[in-house]
Every structure is written in structure tokens, then in C-alpha cells.
Amino acid sequence: MTEDEDSLDWDLVERLFLQTRMQPPVKREAFLERMADGDAAVIEAVKRLLANDVDDGFLEPPGHATLLTHLHAADAPRPDLTGHLLFGQYALGLVIGRGATGAVYAGLDQFRERPVAVKILRRHRAAKAVRSELASLRLLRLPGVVRLIDDGPDAQLGYCLVMEMVEGRPFGPALGPMPWESVRRTTAALLETLARIHARGMVHKDLKPGNVLVSEEGLPTMLDLGISGVPKPSASTPLIGTPSYMAPEVANGEVPDERSDLHAVGLMAYEALTGKKLYDAGHTPTTLMAKRGLTREQVDDWLADERVPDAARPLLAPLLQPSPFERPESARLAHAQFEPARAGLGHPAVSAGSEAGVAAVFRGHERVFHIPSDAARELWRRTTGEARDVQAELDAWERARLGRWEADGYHIGRAELEELRAGFHPRIPPAQPTVPEGARPLLPYVRVVPAPVTAAMLAEAARLEVTEVERQLAALVEAGILRITNAGAYALTPLGTAVPLPARAADYAGRLANAWRGGHPGRLELLIRAGRDVEVPAEAMYAARHAFRGASLAACVRVCELGLRTNPPAGTEYGLLVVLLRASIPQSREEAIERALMLVERSRLPQAKRRSLEQIARAALLTMRGKGARAWDALPTDRDAFRDEPHFVLDEMVRNYLMRRLPPEEQEARVRALHGPPDAAERIAAVSAWAWVRLLQTRFEEAAELFDRQLELAPTEGARMSILANVLYTRMLLFRLEDAQRIATELLHVATERRNAQIIARVEHDLRAIAYAKGELPPRDPELLDAVRDLGHAPFLGRVLLQEAAIAWRHDDQELATDCVAEACAQATAGGHGDEVDPLARSFHELLAPDDEPDAHDSLMDRLDAAETPSDEVQLIALQAMRGEPLPPGALDRFETTLAKIPADTWGYRREILSIDECVAAVKSRGADPQR
Amino acid sequence: MDDRRETGEPDDELARMLADLFERMEQGDEEAKNAVFQLLYEDLYRRAARHMRGQPKGITLSPSDLLGELYLKLMHSGRRHFLDSAHFLGFCAKVMRHVLIDYARRKNSQKRGGDREREGYEGITFAGEGIQVDILDLHHALEKLDEINPEAAQVIELKFFGKVTTKQIAEIMGRSTTWVDDKLAFARAWLRSRLGD
């Protein structure tokens, strides 16, 4: 702090600090400058505060912060910790690994004399990951998953996790080529573990050889659950996991679900079988692009490898399929395929009758301690000796994490056996719990929710009186099915997880949970409601709408399909079908639209309604297949037949979608037919349609006027915001930069007030583009990129990336430029351009990285046809010329006519890579002489 | 907390005295307020000193432990109504702050003979997950903060020294919890920037 601080207006500083910290990081500086009106001292003070606005537990109240009498807390873990005694119990040895969250040391549990692995988490940064990993590990006390033995803070080292030491080799190419029978057994065991993880409502999300170690006996153990858990919203986790083992849909920005884990298992099994690595880990964008482009044929090619025996193909093929819809629905089903003899999660039969018979089920590495006989004795003592009872007891031990079933038998450690013998664990209640009769109605609600619940939540979900709910809950606690958590909520006990659910409720809950991985704050509530299976269709509708808004197409399609399968009432069926179409059409996903069409055809809607939806779906398909004119004719003619809002919105959307793909002269006629002359009709939609057509026709002046008029008509503040965005767009096209800057600032203000992150990021980018266009070359802005990435909006990100690439290119940063373009290509594929990669991005990519997978599938003329704007076309031709490649006949004519169409001053906005002069010069260098 | 099983009179006596004082305080007797402060101060100071005495380096003493101990004793004073009010917590926060500061000061002067160089000073520090803070530095910073933004200083005092929850702070100060959160954010950033120097 400086001497001036006494004279500072601290009230103002506080106010600005509080306002500025609410802004997204990228726009804080600008916001602050504006609000502080250039007062340097105030700005300096606020910035200082912001820099110190860190959530690192500073001055957390006692309990977290503790009064210490010592001064010398070691900050960083010493590299050599040999001899350090952790928690007075674990002696540390050498480093055996390093991860993103911290280093892993070998250790020895001095009491139990067993080796352990100790993960020392880096401070600060790892805090979140710790919580996530701890939560996962605690939740997944499962066979086949590395066990958490102990955890806590160490005064010197920071937070430490003590885990079971797992020995083995990564399940992947390094292990192969392996005999099929071994691969099958290991894969089956892995799928079994995975099924158990999935059954807890979790997804691993980062399965790869490094995270699955295979013992000499061929048994896999999963490590590193740092990112696993209940999937998060798609917006913030577009690319989670490791590219080489990522499922195609995840590379496409979908939220990983169970089937994504299955794809990874398929890849690992294939690689272990053949010893061949399918994807090179080196270049992430390339790998991701390859992932997105994965086809069934490619999978067939992989399987045609001579090292893949006939028996393996039918098992591996389903796991490797590019579309999650074609993979097995669950790990449980896949496991049944791999191990038909032990369908489900059965165990080797326990033979009863004698201690020796029981002993035969025990296996393990600790035979030197005579585990089988000791364990059998203990088991014999605790049970009736009946096979069923013995089996139940063993299962109970497994639930209590004392031992575990594996493919070859039951494993239990010496220490755990000692605990049992010492009477440490009383006889565990049998696996089939008795549900108190009076509490039966409530159980499904509790049962399908993975998280703790409160009585109030349940009362709302089950529509019961709170007192009644409390009574039932008390009965369930009494029966040992529920327990009360420290926070006073209710959670299932291990016994509770074994309570059988009505088949339909369980099935639905599981599926909905999967589909609902889009991650919505209401997920918990939704799951609770899922238990009410008579109302499943309505809930599916609710889920589908949210998945739709969350832009998770796969989740949306899945939920809609589930909803439709439950024989919903006609109204819900109709609603689901409309949502399905609205989700799939703008994304140009043929597969999804075809499914939707099929479902519409099968529906029990009234003839007219069904027909209308069919026509809309067909029209979209025709457009996608390049038959735009026919598509228009295929649309329903009687627009007034359906006055309901969803249908109207869908119809409007499809017409806009078709319109943009029509030749200009047809557009004119269509708009006229649709809305009548705009002067006569004051309808805002008509003005909008006209404005867009003019925009497409590059008649920007008229478009600008129409958008201005639409702005005057805007009925709500929200509508005003989106129209303002269009007004800004036209100003930028017209190159009225001062005007654009003013509008952008206004829009930024509105968007900030309405807290619309997407618009804020766009306007930030626009303001940047204006600076770029004005010749004020801005520096590269990784923060902006991050902010845009966080939005999870692929097409927009693609565009921003392309411009960042252009800026880097002009700064001679070839490497960054190439990376940005590669990512731009990938983003465009994932987004609104259907299966086509944005042609401009692709051509730019080829210019920057000529050796990197040249794409000769389409000619320049094809790309020109796919180009979105005239300026794109001009640049595509120029880029081809710059690469030194011949220009096809007609290209030059096209260059000239298109160039003439572009108003001279509209250049320089958004994704232009080259200036007009550069384009002309490039084409000239090929011996042509274009006239401007 | 610890295994002492004192049936000692001092606490019973204290509880009785406090009960009287609380009653007078509630009727608006300012002197009673000072007396309560004094009593609590002495008691907490005694407890703190006992905790720290002869402890090796690295032992922890958390204000909440001290307060918890006191609280249990006072439960018997028959003034649970007052004890359960957020205002009592606020009161304790202030006492706690002074106890800790004075303890640190005295310790400091014992060891170093007064105002010596700070280097190597072995005092009392707070360590959260974030930076470490010397308690006297924190105290001085809080005094400074009190000059420019008394409310922010009070919020920190309550939160940090009194383990008072945000909701309770809102109650004590007659504000919304959002207001408290904002004040806390400001105060933390301000203190952090000052103490980080």
C-alpha cells in the first residue's frame, strides 16, 4: 500500500472491486477502466484487491485456519522423502510417479507391513482435484479399483492420500500382442468393475492404459479417479480425458457417459491384443479430428487385422463403434458378452457343507498366512454353513471393503481377517434387507438418488407430508437401510444399496441418470422425481428440454427416445417429438433426424399432426442432402393448421434453416409468399426474415435498415439484446467501425446486466475484431480463447480460433497459428456445419501445415459452394493460389465476380484471414489479372 | 477437548457472575458490558496460556476450542438465551481477538525483550491453506482497515476470531448475507494485499 491510500475514496474502491469481480476475467480490465473514469489511483487499488481476491482459504475462520505456534511449515514437499514417517505409520520411499495433482511415493505401512502408494497433493491447485478424487475413492470401495487406505494433512507435506500399492502393467499396446483368451478375461474383469462404478452413477471418463494396471494373474485395477464422477455440464468440460482413448462423441463435445467408457475399454483391449497403438498421442488436434471422423468401415479395418481372431471380432466390434448408440447400453451387458458363463456379476459357486469346501473359494497373494483355512474357519463360525448364507456373508464382507470377489475367487487380506477374528466387525446383516412395510412407498425415491437427501426434498418429490416422510425415514434408518450423514441428511447404507427396486423404476432411473449427464443443477431433483415412475413421460419431457438447452444432442435424443418408449400420453409424445426435431435439425445430424422421423412415423399422433412433423423432418433431410428446392415444397403448406407454440417455433426454425440454403432469387419469392410484403405486415418475424434474406444476398445496407426497424419493434429486453447483436453484425459488415464500437459497447452493457456469458464473450470478440479491422493489431489473447472455450459453443469457438490463428500468423508464430487452425477445423466439425469442416479453416490449415494430412477429398469448387460468405470464397481462391496450386477453370471468373459483389469497405471483419489486396496479389501471382 | 476433570470453583463462580452481568447488560448497562468483557478476557487468556504452556512447536490452538470450552461452562449459568444469541458470539470474537493479540505480545516481549528486530521472531502465526500471517501484523492491518472501512473490519473480526457464520454476522449487523459476503470478500482481498507485502 502506498502513502496515498489515506486520500483514496475507499467506498468507491470497494464498490468497484465488488462490481468488477462479478465480471468475467476477460472483461474486467475494460470494465474497470470505464467505471473508474480513468482515475489511476482507484484503478490501481482495485486491481490490487482483485489480484488478492483468491479463494485459497486465507483467513478462513478457525477450524480451517488454525492458530499455530510454529513458523516453519515446509511449503513444498521435499523431493527426497525417504524415511519420512507419514501419520506416524507410513514410511516414505522413492517417487514412483507424478501426476497433474501431485507426486506418488512408494511407502510402507509399518503396522501392517504392507507396501502402500502415497500421493502427495500439490497445495492450492490440487485442492479441488483432491476433493473430487477423495469423493470418488470413498464412493468406489470396489474390487478392481485402487483402495484408499488413509488420508489427511501432513504438517510438512500437505494433503496426502495413502493408497493400496498396485503392481502390474498398463493394459494397452505395451502388453501385447497377447493371446485372445487372456485379453478376454482381463477385459471381462475390467467391464465387471466398470459395471459396478456405473451402478453408482459414476463414469470414469479417463480410462487409458496408464490408469488400468494388469497383474500377473491378468486382473486389472483401476487407478486415478481424479476426474471421474458424476459428469459435469457440457459447457465447462468439452474435452475431458485423454485424446487417444477418448470416444468420438466426447471428441465431439458430448458429455462422456457409460458408453464412452466402453469405447475406451474396446480400444485398450484391441491394443493389448494386437500390440498396435491406434492413435498417436503426439498431436492432440490431429488425434481429435481423427476421432471425430471415425467410421464403421475404419473399425472393420482395424478388426480385419490378422492378429484379431474370429472369436474376438463380435466382442470387440460393438465396443469400438463410433456411435454410442451402437455400443452396448451398459458395461453390465458388455460384460455378459465377454463372460457369458457368468452373466451378470455372479461369483464362483460357493460349495457348502464343510469348512474345506468353503476354503476353496478363498484366493489371494497372502497364502503364506494360510488365508484360505483361517478365512474358512471364520466364515464357518459366523454362518450357518448353508451355501446361500455363506455367499451372503462374503458379499457383506465385500460391501464392508474387507475382501473382494475376483474372477478366480475371494480375496481377503490378513489384516482384514484379523479384524474379523477380533470381533471388530459384527455379523453384517444379510444382503437382502427387509424393508419395513410402512416405508415401502418412500424407498424408490431414496434408492435412485446417489447423493444424500433431506426429508423436505423427499416430501416434495413423493408428495407426502413431511411428518409422514420423517416417519418412513426413521423406519428405514431403524432397518439399517438408511443412515444419517454428518450434515443431517439421509444416505443409503451399503445394505440400502442392495434393496431391490421395482424393475421399471430401476431401469428408468438408471437410464435417465445416464441421459441426464448433461449436468443440470436440477439433476438431483430430477432423479428423485424419476422414482415416481407413473410420471416418467412428463419427467422425460422436462429432462429433454433441459438437455436441449444444454446443447447436449445425444442426451436430448436419448431422453426423448426413453420418454417415447414409455407410451406417453399424446400431448407428451407430441412435445417429445418436437423437441427431438428441434434439437437435431440445426445440428444437421442426419442420423438423429432419421431416428426422429422413424419415431414420428411410429407415433400415435393424430394423422394431420404426424404428417406435419414428418414433412418437416423430410424437408430437413432433403436440404441436408443438397435438395433445397424440393425441401421447401415438402414443407407443410397449411401453416395455420397448428397454432400451438412448439409447432410454430419448429416450423419457423426449419423455414429459416431451409431459407439460408436456397439460391437468392428463390429466397426472395419464399419470403414474400411467407409473410407478405414487409411494409404491409408489421410483424417482427417478417422484418426479421427479410433482414436475413438481405443479409444473405449481401445487400447489407437494406439488412441494416431492417434490423434497425426490428429493434424498434422489440417486445422485450431479451429480444432487444439478440436484435442488437444483429444490428452490430450489420454495422461491422458495413465497416462502420465507430458505429459498431458504440453498439458493441451498448450490447456489452445489456449483456452484462442480463449476465449472458455467451453474448459477453461474443461482443468481447467483436470489439477485438473491430480493433483488428482498424489496423490496430491486438496481441493474442489466450484469456479470450479460454472464455470462449468455456462457453462450449463450437461454431463460435471455431471462428474465434480462426481469427486468433490469423493474428498469430501475422506475428510469424507459425506454431500457434497451426494449432489454432487445427482446433478451428475440429470445432467446426463438431458444430453447426454438419459433417463439413469449415472450408476456409481447412484451406488455411493446408496453407500453414502443408504436410499435415492433405485433404484431397473435395475440390476447390466444392469448397466454394460450401463457403458461407462471398469474402470466404475470395479467400479460398487466394489461399489455393498462395499454396502454389493450380486454379481450376472457372475459379478466376468466380474470383472476379464474387470480388465485385463485395462492397469495398465490408472487408476485414471477423474471420477474414487475408486482406483484399493480399487476395488480389496472390491470384495475380498465378498469372491472372483480376480487376477490382 | 482435553482430559482435565476440573470441578474447580472458578468456572462455576465465573458462570454465576456472568449470569448476573448478562442480565444487567441486556437492560442496557454499559458497565456490565465492560465487566463481561473483562471477565471473559481473563478467563480466555488463562485458558490460552494454559494450552500453550510447555507445548512443543507445531501444536495448535484454535480459538474455537477455547470458546467451546468456555461456552460449555457458561451453559450452566442459566443464561442460555443470551449464549445462543448471535450477539454473544460477536462479543466473544472481540474478546478472543484481544486475548490472542495480548498473548502474542507478551510472548514476544518475554522472548525477545521487547521491540527487537522482527527477524527470527517466534510468535503466533495463522496458517490457512493460503499465506501465513503473523497475528500482530493481522491486528495492525485490521486496525488500519477499521479506519477506512469499519464494517469490513468488524466482519472479519466476527468471522475469523469468533467463528461466527455469515448468517449470524448478518443478524448481528442487521444486514443481508449478500452484504456480509461482499464485505468479507473486500476485507479478505484488502488484508491479503496488505499482509502479502
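Two strands pair if DSSP finds at least two bridges between them. Helices (H or I, at least four residues) and strands (E, at least two) are themselves DSSP runs, numbered from the N terminus. With that in hand, welcome to this predicted model, in which local features need pLDDT of at least 70, side-chain atom pairs count only at pLDDT 80 or more, and totals for chains, interfaces and linings use all residues. Residues are numbered from 1 along each chain as its sequence is written, while chains are lettered from A and ligands numbered from 1 in the order in which they are written.

**A three-stranded sheet in chain A**

Strands S8, S9 and S10 of chain A form an open sheet in the order S8-S9-S10, with antiparallel pairing. S8 (169-170) and S10 (220-222) of chain A are the edge strands, each with a single partner strand, so one side of each has no neighbour in the sheet. S9 (residues 212-214) of chain A pairs with S10(A) over three bridges, and Leu213(A) has Thr221(A) in S10(A) as its bridge partner.

Strand S7 (residues 158-164) of chain A is largely enclosed by the rest of the structure, because six of its seven residues are buried (20 or more other C-beta atoms within 10 Å of a residue's own, with C-beta atoms placed from the backbone).

| Partner of S7(A) | Residues | Bridges | Sense |
|---|---|---|---|
| S5(A) | 114-121 | five bridges | antiparallel |
| S6(A) | 148-154 | six bridges | antiparallel |

Cys160(A) of S7(A) is the bridge partner of Ile120(A), and Gly152(A) also stands opposite Cys160(A). S6(A) and S7(A) form a hairpin, with three residues between them.

**Chain A as a whole**

Chain A contains 42 helices and 15 strands. Of its 932 residues, 46% count as buried. Among contacts in chain A with a separation of 6 or more, 62% join residues 24 or more positions apart; a contact here means C-beta atoms, placed from the backbone, within 7 Å.

**Two helices in chain B**

How do H6 and H9 of chain B pack, and at what angle? Helix H6 (residues 135-148) and helix H9 (residues 177-195) of chain B pack at about 125 degrees, with their axes 10 Å apart. Axes are lines fitted to C-alpha atoms, for helices over the stretch in contact, and angles run from 0 to 180 degrees between N-to-C directions. The contact involves Asp137(B), Leu138(B), Ala141(B) and Leu145(B) of H6(B), and Ala187(B), Trp190(B), Leu191(B), Arg194(B) and Leu195(B) of H9(B).

Notes. Contact = placed C-beta atoms within 7 Å. Buried ≥ 20, exposed ≤ 12 C-beta atoms within 10 Å, placed from the backbone.
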